[in-house]
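Trainee: I have a structure to read. Can we take it one feature at a time?

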Amino acid sequence: MNTVKLNNGIEMPVLGYGVYQVSPEECERCVSEAISVGYRLIDTAQAYYNEEGVGAAISKSNVPRSELFLTTKVWITNAGEEKAAASIDESLRKLRTDYIDLLLIHQPFGDYYGTYRAMEKALQDGKVRAIGLSNFYPDRFVDLAENVNIKPAVNQLKTNVFSQQWDAEVEMKKYDTHIMAWAPLTQANEALFNNPVIMNIAEHHGKTAAQVALRYLTQRDIIAIPKSSHKERMEQNLDIFNFTLSDTEMEAIRPLDEQPDFRWSHRNPELVRFLLNYDNQFNPKNK
């Protein structure tokens with residue numbers, strides 16, 4: 001598996017398996033299959049409500065824990081130094097592990113400075129190997145990065161061929177912070193699989209549109225975490241390291257970048273209110 005070196009020297013797989021919207025009931029099976037076909041990076045979050053399934057899968061795996069790279073994220077309702085610290089311990093319990101490889105703040109809302117202090121302490125205490133952010137746009141990213149002791153190793157953003165995050169990359173490189181792509185396959189948007197540029201490149205290499213889209217990201221040293229509940233698709237998504245996109249092909253994909261939809265922007269007050277109330281609506285314990 002190809003890796004990238006984070007700003008604290010840790011090697012992280014450049015391609016992993018994400019479990020967003022994988023049900024708690026299905027999560028153990030999916031993660032077990034992902035590990036069996038070769039994934040070593042597993043990405044989950046407190047707000048996915050499936051950390052226990054991930055923990056069960058890795059505990060039953062024959063792969064040593066040291067060979068797995070586990071990411072989770074602190075949710076808004078656990079923001080603040082004390083609550084975040086308690087939630088980190090709870091995530092460790094659910095994940096059945098003594099340490100988390102990468103811990104992120106999931107959303108840039110609530111007392112995220114307090115959360116980050118708790119994460120810095122968890123890093124110092126050996127509970128975490130690297131810390132970072134998720135969904136922090138360049139302005140909030142820079143504000144936080146300039147006011148913390150440990151610079152974020154990663155910022156997880158919606159990144160794919162239609163959302164390429166060039167502006168964010170420029171600012172993050174100043175701190176040696178890597179982009180980690182959620183929705184790297186555009187959340188199965190048919191526009192990806194029907195795009196003539198992607199289709200022509202895929203045909204040239206004997207690959208699928210999804211494989212080209214993932215290869216585009218990893219060649220930019222962007223960490224990608226595609227999700228699938230089908231083992232065959234997991235294998236296909238992993239099979240991207242036996243071909244290389246040419247400079248011409250990389251440049252042909254760049255114009256596919258689109259203006260973001262404000263409805264899903266973290267600057268949209270309606271989305272902010274939705275996220276702040278997310279746990280009340282979707283946490284199985286509240287139903």
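**Reading a binding site**

Mentor: UniProt (unreviewed entry) places a "binding site" at His 106. UniProt positions follow the numbering used here, feature names are shortened, and annotations may be inferred rather than shown by experiment. This is a predicted model: local features need pLDDT of at least 70, side-chain atom pairs count only at pLDDT 80 or more, and totals for chains, interfaces and linings use all residues. Residues are numbered from 1 along each chain as its sequence is written, and side-chain values use heavy atoms, leaving out hydrogens and water.

Trainee: Where does His 106 lie?

Mentor: Helices (H or I, at least four residues) and strands (E, at least two) are DSSP runs, numbered from the N terminus. His 106 is in the loop between β6 (102-105) and α4 (112-124).

Trainee: Is His 106 buried or exposed?

Mentor: Buried means under 20% relative accessible area, exposed over 50%, partly exposed in between (1.4 Å probe, protein chains only). His 106 has 6% relative accessibility, so it counts as buried.

Trainee: Which residues does His 106 touch?

Mentor: Contact means heavy atoms within 4.5 Å. Leaving out residues up to four places away in sequence, His 106 touches Ala 45, Ala 47, Tyr 48, Lys 73, Val 74, Trp 75, Ser 134 and Asn 135.

Trainee: What about the chain as a whole?

Mentor: The chain has 13 helices and 10 strands. Of its 287 residues, 54% count as buried. Among contacts between residues at least 6 apart in sequence, 74% join residues at least 24 apart.

Trainee: Which residues does the domain annotation cover?

Mentor: The unreviewed UniProt entry gives "NADP-dependent oxidoreductase" for residues 21-256. That span is 46% helix and 12% strand.
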